[in-house]
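Here is a short report on one protein model. Look at the sequence and the fold first, then read on.

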Amino acid sequence: MGTAERRAREKDELRRRILEAATALFLEQGYESVSMRKIADRIEYAPSTIYLYFKDKVELVSSICFETFAELDRRLEAILSLRLTPLETLRRSLVDYIYFGLEHPSHYTFVFCTPPAVFRDMGPEQHSDINGMAMASFDRLRVGIKACMEDGSIRVDDVETTAQSAWLFVHGVTTGLVVDCGFPFVDRTMLIETSIDRLIRGLN
């Protein structure tokens, strides 16, 4: 590995650590209580280092949202590339959505469960960009449900209502499993697979 490549990797790694620390602190202490200095202290760097990567907390929040939606979109796109049937594509997408949240619990909780007030300092363009990414992910669900309706694998009348209901279902499952409430859940894999199978059967 050359010097330039190594430095680029080190910068990417530090940027990732900053985002991870910021996400954790926002959840632990609340957005208003977290300063750039606290984030720097968490990763044991000087505050000036944080400002080399992010100009303020608003940019940090934007980056957390952008990267979370980008990763979710990559995963859903990978399922499409498998060229499965519409119903199996829908099923795999719903299952993988849950696993995405479980693999990135802090990011999922911050982006999908944080009160809107946290985002009030963003400018209109940032809001628009983040909402655009969120709706692009949701559009994949709409398209998947419509494809299943067209080939007859599910029988529903309203794409939008069905898509919103399906998202609320998987969001509830994801949040329930991400939050450590001490509930004695059965085997996680079996629970996820069974939940999605029953959701799919309910669409027929």
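The sections below cover the basis of the model, the overall fold, the domain interface, the salt bridges and the record annotations.

## Basis of the model

This is a predicted model: local features need pLDDT of at least 70, side-chain atom pairs count only at pLDDT 80 or more, and totals for chains, interfaces and linings use all residues. Residues are numbered from 1 along each chain as its sequence is written, and side-chain values use heavy atoms, with hydrogens and water left out.

## Overall fold

The protein has 9 helices and 0 strands. Helices (H or I, at least four residues) and strands (E, at least two) are DSSP runs, numbered from the N terminus. Read from the N terminus, the order of elements is α-α-α-α-α-α-α-α-α. The C-alpha trace spans about 60 × 40 × 40 Å along its principal axes.

Two domains are assigned: domain 1 (1-54) and domain 2 (56-202). The bounds come from an automatic or database domain assignment. Over C-alpha atoms, the centres of domain 1 and domain 2 lie 27 Å apart.

## The domain interface

Domain 1 gives 15 residues to the contact and domain 2 gives 16. Contact here means heavy atoms within 4.5 Å. About 1500 Å² is buried between domain 1 and domain 2, and carbon and sulfur atoms give 67% of that area. Buried area is the accessible area (1.4 Å probe) that two parts lose on being put together, summed over both.

Between domain 1 and domain 2 there are 2 salt bridges. A salt bridge needs a side-chain nitrogen of Lys or Arg within 4 Å of a carboxyl oxygen of Asp or Glu. Across the same interface, 5 residue pairs are in polar contact, both residues at pLDDT 80 or more. A polar contact is a pair of N or O atoms within 3.5 Å; within protein, one must be able to donate a hydrogen and the other to accept it, and residues adjacent in sequence count only if both atoms are side-chain atoms.

On the side of domain 1 that touches domain 2, helix 1 (3-29) and helix 2 (36-43) are the elements giving two or more residues. Helix 1 supplies the largest share, 8 residues. That side of domain 1 holds 11 nonpolar, 1 polar and 3 charged residues. Ala, Val, Leu, Ile, Met, Phe, Trp, Tyr, Cys and Pro count as nonpolar, Asp, Glu, Lys and Arg as charged, and the others, Gly among them, as polar.

## Salt bridges

The structure holds 14 salt bridges. One joins the side chains of Arg140 and Asp73 (2.7 Å, N to O). Arg140 lies in helix 7 (residues 124-150) and Asp73 in helix 4 (residues 57-80), so the pair ties together parts 67 residues apart in sequence. Another salt bridge pairs the side chains of Arg120 and Glu32 (2.4 Å, N to O).

## Record annotations and Pro47

UniProt lists "domain: HTH tetR-type" (unreviewed entry) at residues 12-72. That stretch, residues 12-72, is 77% helix and 0% strand, with its end C-alpha atoms 19 Å apart. UniProt also lists a "DNA-binding region" (unreviewed entry) at residues 35-54. Residues 35-54 are 65% helix and 0% strand, and the end C-alpha atoms are 12 Å apart. UniProt positions follow the numbering used here, feature names are shortened, and annotations may be inferred rather than shown by experiment.

Pro47 sits in helix 3 (residues 47-51). Beyond its neighbours within four places in sequence, Pro47 contacts Arg37 and Ala40. Pro47 and Ala78 are 31 residues apart in sequence and 38 Å apart in space, C-alpha to C-alpha.
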